[in-house]
Amino acid sequence: MSSKVAFLVVVTTARRISELAALSTKKELCIFQKDSISLRMDPVLHFQANDGKVRMISCGADKSIYFRTAQKTADGVQFTRTHHVVRKTTLYDMDVDPNWKYAAIGCQDRNIRIFNISSGKQKKLYKGSQSEDGTLIKVQMDPSGLYIATSCSDKNLSIFDFYSGECVATMYGHSEIVTGMMFTNDCKHLISVSGDR
């Protein structure tokens, strides 16, 4: 299979932005075989720029968080790993605060872990669900950076104070798992979607 064919296969089958990382032919992302291509994707991938640097942060079911920094090379730009953090729980979703200093990660153990993007160090840990059942599915920061919303497999939504970890609201109503949510730009509404009708 040629590189052109592989490129077309990847682009036409990519279902989310993180899958486009497979366009790189690096061994850790794209494995070419005689009659197929195996892609190893990070389910969550964010790019951020501050302090004069461009960084790529990813986390996944392998319980790892990778912090990479862009470096100019003779061939263009390459992301070099600056920090690699491994946790004992599966990492399901991530969002970056509006100031691009912290990454908030929703974990299988129902906790939200907050990491400093520059240092790769965990700064905070707090419970991301009021329930004792289920796992966190999604995390979403509000545009002000003051609140973080979570969705849990028990079909509830919670909003937490980003700095204190205090739960300020819990909402129920979906009959299926919430698969996406977003705050409006004015921070007055949280829009959620799920598979329910």
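1. Two residues are said to be in contact when heavy atoms of theirs lie within 4.5 Å. In that sense Thr150, setting aside residues up to four places away in sequence, is in contact with Ile112, Gly128, Leu136, Lys138, Val139, Asn156, Leu157, Ser158, Phe160 and Met181. The model under discussion is predicted, and the points below should be read accordingly.

2. Thr150 belongs to strand β12, which spans residues 147-152. Its relative accessible area is 0%, so Thr150 counts as buried. A polar atom of the Thr150 side chain lies 2.7 Å from the backbone oxygen of Gly128. Gly128 is also one of the contacts of Thr150 given above.

3. As to the overall make-up, the protein has one helix and 16 strands. It consists of 197 residues, of which 39% count as buried. The accessible surface comes to about 11,200 Å², and carbon and sulfur atoms account for 52% of that surface. When contacts between residues at least 6 apart in sequence are considered, 35% of them join residues at least 24 apart.

4. The largest nonpolar core contains 14 residues. Within this core, the residues with the most contacts are Cys59, Ile65, Met94 and Ile105. Four strands each supply at least two of the core residues: β4 (53-59), β5 (64-73), β7 (91-96) and β8. There is also a second, separate core, which has 11 residues and includes Ile112, Val139, Phe160 and Phe162.

5. Ile105 deserves a separate remark. Apart from residues up to four places away in sequence, Ile105 touches Cys59, Ile65, Leu91, Asp93, Met94, Asn111, Ile112, Arg113, Phe115 and Val139. Cys59, Ile65 and Met94 are named with Ile105 among the residues with the most contacts inside the largest core, whereas Ile112 and Val139 are members of the second core. Thr150 is likewise in contact with Ile112, Val139 and Phe160, among others.

6. Asn111 is placed in strand β9. With a relative accessibility of 17%, Asn111 falls under the 20% limit and therefore counts as buried. Leaving out residues up to four places away in sequence, Asn111 touches Ile105, Gly106, Leu125, Tyr126, Lys127, Gly128 and Leu136. Gly128 and Leu136 are also among the contacts of Thr150.

7. How many salt bridges are there? The count comes to three. One of them joins the side chains of Asp109 and Arg113, at 2.9 Å from N to O. Asp109 is partly exposed because its relative accessible area is 30%, while Arg113, at 10%, counts as buried.

8. Another salt bridge brings together the side chains of Glu132 and Arg110, at 3.7 Å from N to O. This pair links distant parts of the chain, 22 residues apart: Glu132 is in the loop between β10 (122-127) and β11 (136-141), and Arg110 is in the loop between β8 (102-107) and β9 (111-116). Glu132 has a relative accessibility of 54% and so counts as exposed, whereas Arg110 is buried at 18%.

9. Glu132 also meets Lys127 in a side-chain salt bridge, with an N to O distance of 2.5 Å. Lys127 is partly exposed, as its relative accessible area is 34%. Through shared partners, the salt bridges join Arg110, Lys127 and Glu132 into one network.

10. Neighbours within four places in sequence aside, Gln48 is in contact with Lys53, Val54, Arg55, Ile57, Trp100 and Ile117. The C-alpha atoms of Gln48 and Asn99 are separated by 9.5 Å, although the two residues are 51 residues apart along the chain.

11. On the surface, Leu146, Tyr147, Tyr163 and Val168 form a nonpolar patch, and their accessible area together is about 370 Å². Val168 lies in strand β14, residues 167-171. Its relative accessibility of 45% lies between the limits of 20% and 50%, so Val168 counts as partly exposed.

Conventions: Residues are numbered from 1 along each chain as its sequence is written. This is a predicted model: local features need pLDDT of at least 70, side-chain atom pairs count only at pLDDT 80 or more; totals for chains, interfaces and linings use all residues. Side-chain values use heavy atoms; hydrogens and water are left out. Patches are made of residues with over 30% relative accessible area and no salt bridge: like charges are joined within 9 Å, nonpolar side chains (Val, Leu, Ile, Met, Phe, Trp, Tyr) within 5 Å. Accessible areas come from the Shrake-Rupley method with a 1.4 Å probe; for residues, only the protein chains shown count as cover. A salt bridge is a side-chain nitrogen of Lys or Arg within 4 Å of a carboxyl oxygen of Asp or Glu. Buried means under 20% relative accessible area, exposed over 50%, partly exposed in between (1.4 Å probe, protein chains only). A nonpolar core is a set of buried Ala, Val, Leu, Ile, Met, Phe, Trp, Tyr and Cys residues joined through side-chain atoms within 4.5 Å. A polar contact is a pair of N or O atoms within 3.5 Å; within protein, one must be able to donate a hydrogen and the other to accept it, and residues adjacent in sequence count only if both atoms are side-chain atoms.
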